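I opened my notebook for a friendly look around this one. Here is what I looked up, entry by entry.

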Amino acid sequence: LMVPHDATAVATLLGMLSSGRPYVPLDPEYPDERLQFMAADAGLQVIVSTPSFAARAATMLPTEGRVVLLDSEPAPVDGMPALPAPDAVA
């Protein structure tokens, strides 16, 4: 989990905890060498991150690893229409 220290971090952390999956908090303020060591030591295959840290996160994974990006807008659920933006509601 490599996200900035803001509301995104809190929401993402709660989502990770509720999923029951293990996670490793990767502080983006740490130097790259430290983050690479943590990722290798934990054997990370996936890093959940934001677009601003995507390129940096990708350098910490093995070639078969992947970075999962948190979108700024949630994708609609299959079969359900997307809701209009709040300012577009009449």
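Entry one, the loop. I started with Tyr23, which sits in the loop between α1 (7–19) and α2. A reminder to myself: this is a predicted model. I looked up the accessibility of Tyr23 and found it partly exposed, with a relative accessible area of 32%. Together with Val10, Leu14 and Leu17, Tyr23 makes a nonpolar surface patch of about 380 Å².

I asked which residues of α2 are buried. They are Leu35, Met38 and Ala39. Viewed down the axis of α2, these buried residues fall within an arc of 95°, so they line one face of the helix. I then checked what they pack against, and the partner is α3. Turning to the face of α2 directed away from the buried side, I noted the exposed residues Glu33, Ala40 and Asp41. After α2 comes Gly43, and its phi is positive, near 70°.

How many salt bridges does the structure hold? I found 1. In this salt bridge the side chains of Arg56 and Asp32 meet, at 2.5 Å from N to O. Arg56 belongs to helix α3 (residues 54–58) and Asp32 to helix α2 (residues 32–42), so the pair ties together parts that are 24 residues apart in sequence.

Definitions and conventions:
Residues are numbered from 1 along each chain as its sequence is written. This is a predicted model: local features need pLDDT of at least 70, side-chain atom pairs count only at pLDDT 80 or more; totals for chains, interfaces and linings use all residues. Side-chain values use heavy atoms; hydrogens and water are left out. A salt bridge is a side-chain nitrogen of Lys or Arg within 4 Å of a carboxyl oxygen of Asp or Glu. Helices (H or I, at least four residues) and strands (E, at least two) are DSSP runs, numbered from the N terminus. Patches are made of residues with over 30% relative accessible area and no salt bridge: like charges are joined within 9 Å, nonpolar side chains (Val, Leu, Ile, Met, Phe, Trp, Tyr) within 5 Å. Accessible areas come from the Shrake-Rupley method with a 1.4 Å probe; for residues, only the protein chains shown count as cover. Buried means under 20% relative accessible area, exposed over 50%, partly exposed in between (1.4 Å probe, protein chains only). The arc is that of the directions from the helix axis to the C-beta atoms. Contact means heavy atoms within 4.5 Å.
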